[in-house]
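Student: I would like to learn how to read a protein model one feature at a time. Could we go through one together?

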Amino acid sequence: MNSFWKQIIIQTVLGKKKKSRGKKTEFSRLELAKGFRELKIIAKRLIKDIILIGLGIGCAAFGLESFLLPSKFIDGGATGISLLVTELSSVPLYVLLLVINIPFVILGYRIVGKQFAIKTAIAISVLAICVATIHFPEVTHDKLLVAIFGGFFLGSGIGLSVRGGAVLDGTEVLAIYLSRKFGTTLGDIIIVINILIFSTAAYFLSVETALYSMITYLAASKTLDFVIEGIEEYTGVTIISSHSEEIRQMIIENMGRGVTVYNGKRGYGKTGEAKEIDIVYTVITRLELNRLNTEIEKIDPNAFVVMSSVKDTKGGMIKKRPLQH
């Protein structure tokens, strides 16, 4: 490893260790190798984030320029506020996108972190520049198509940016802050904010515009969920059975999925029987759920099965082995 890469690794990855060592700044070959591996992971993640955020900005700018702005439709959140103020005043949208999101970026720095705030500030700034300088053609005059596809592209853009570690709309940051402060859910806060936005749109613009804008918001939110959670929906399944070993083998051999087995105790009531038992946990797609239940019932019809929604997964065997039919 040449001195150039050594200095990069020391200054970026091993910087904290260097400070803690004081004057002694020599690192072993193993430490440098680990640092190089960590640097590759960071660089790979950064490139991926840049691509996702860039695609997100492009989608959002296209949705705004080609659909929402020409038809004077709005969306929910900070973007919706910006669109609404643009329609009611002569202030350009790109200026409002920057100004309205500044408090959310500062709030994001406080409650999420510095890296998130920097990425978000850059993403929103680039989006504002795109809106100001790049003019996409108007695609359609049909109001329903504008509402649906405007929301689709805007939701796709926001979702891709979230996957890249930033947001193009700071409302969710505000919702996180308010939910922690008042003990409410994120959904409740977002609903209240959007009710205020669409009520204002109905009063100052028209009821028809507000209704179409609600369609835009629904299309954007559903697309956002789809982009963030992925194409497949996962389910975490916990199985408590006296035939846990057979169930474990069935999941691995027949379904081609990985399992985690941990020790627990089963019992019932205040003075009921309590004995140790192996608990099987696996993550599968929703398409496999029916088959898993059938296989479990074949082995133990009285097995206690708990299913919970899983937003996404990483690693393991869930994406490595195809299903065996």
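Student: In which helix is phenylalanine 62 placed?

Tutor: Phenylalanine 62 has its place in helix 3. Keep in mind that this is a predicted model.

Student: Is phenylalanine 62 buried, partly exposed or exposed?

Tutor: The idea is to compare the relative accessibility with cut-offs: under 20% is buried and over 50% is exposed. Phenylalanine 62 has 22% relative accessibility, so it counts as partly exposed.

Student: Which residues does phenylalanine 62 touch, leaving out those up to four places away in sequence?

Tutor: Phenylalanine 62 touches Phe67, Phe136, Val139 and Phe153.

Student: How many aromatic pairs does the structure hold?

Tutor: The structure holds eight aromatic pairs. For one of them, look at the distance and the angle: the ring centres of phenylalanine 73 and tyrosine 212 are 5.3 Å apart and the planes are at 10 degrees, so this pair is stacked.

Student: Where in the chain are the two partners of that pair?

Tutor: Phenylalanine 73 is in the loop between helix 3 (29–71) and helix 4, and tyrosine 212 is in helix 10 (residues 207–229). The pair links distant parts of the chain, 139 residues apart. Phenylalanine 73 counts as buried because its relative accessibility is 3%, whereas tyrosine 212, at 21%, counts as partly exposed.

Student: What should I check when I look at a helix?

Tutor: Start with the span from end to end, then see which residues are buried. Helix 4 (residues 77–88) has twelve residues and reaches 17 Å from its first C-alpha to its last, close to the 16 Å expected. Its buried residues are Gly77, Ala78, Thr79, Gly80, Ser82, Leu83, Leu84 and Thr86.

Student: What span should helix 5 have, and how far apart are its end C-alpha atoms?

Tutor: The 19 residues of helix 5 (residues 93–111) should span 27 Å at 1.5 Å a residue, and the end C-alpha atoms are 27 Å apart, which agrees. There is still a bend in helix 5, of about 40 degrees at isoleucine 102, and proline 103 follows within four residues. Just after helix 5, glycine 113 takes a positive phi of about 155 degrees.

Student: Which residues of helix 5 are buried, and what covers them?

Tutor: An α-helix has 3.6 residues a turn, so residues three or four places apart point the same way. In helix 5 the buried residues are Leu93, Leu96, Leu97, Ile100, Asn101, Phe104, Val105, Leu107, Gly108 and Ile111. Their cover includes helix 3, helix 4, helix 6 (114–133) and helix 8 (171–182).

Student: Where does glycine 150 lie, and is it buried or exposed?

Tutor: Glycine 150 lies in helix 7 (residues 143–163). At 0% relative accessibility, glycine 150 counts as buried. Leaving aside neighbours within four places in sequence, glycine 150 is in contact with Gly63, Phe67, Leu68, Leu145 and Thr216. Isoleucine 215 is 65 residues from glycine 150 in sequence, and their C-alpha atoms are 9.7 Å apart.

Student: Which strand is threonine 235 found in?

Tutor: Threonine 235 is found in strand 1 (residues 234–240), and at 3% relative accessibility it counts as buried. Apart from residues up to four places away in sequence, threonine 235 touches Thr282, Val283, Ile284, Arg286, Leu289, Met307, Ser308 and Val310.

Student: How many disulfides are counted?

Tutor: The test is the distance between two cysteine sulfur atoms, and the cut-off is 2.5 Å. The count here comes to zero disulfides. As for accessibility, cysteine 59 counts as partly exposed at 22%, and cysteine 130 counts as buried at 16%.

Student: How many helices and strands are there in the protein?

Tutor: The protein has twelve helices and four strands. Of its 325 residues, 40% are buried. Among the contacts with a separation of 6 or more, 72% are between residues 24 or more positions apart.

Student: What does the confidence score say about the protein?

Tutor: The average pLDDT is 84, and 85% of the residues score at least 70. Over residues 320–325 the pLDDT is below 50, and this stretch has ten contacts in the model beyond near neighbours in sequence.

Key:
Residues numbered from 1 in each chain as written. Predicted model: local features only at pLDDT ≥ 70, side-chain atom pairs only at ≥ 80, totals over all residues. Heavy atoms only, no water. pLDDT = per-residue confidence, 0-100. Contact = heavy atoms within 4.5 Å. Helix = DSSP H or I, 4+ residues; strand = E, 2+ residues; numbered from the N terminus. Expected span 1.5 Å × (residues − 1). Buried < 20%, exposed > 50% of the residue type's maximum accessible area, 1.4 Å probe, protein only. Phe/Tyr/Trp six-rings, centres within 6.5 Å; stacked < 30°, edge-to-face > 60°. Bend = angle between axes of the 7 residues up to and from the residue.
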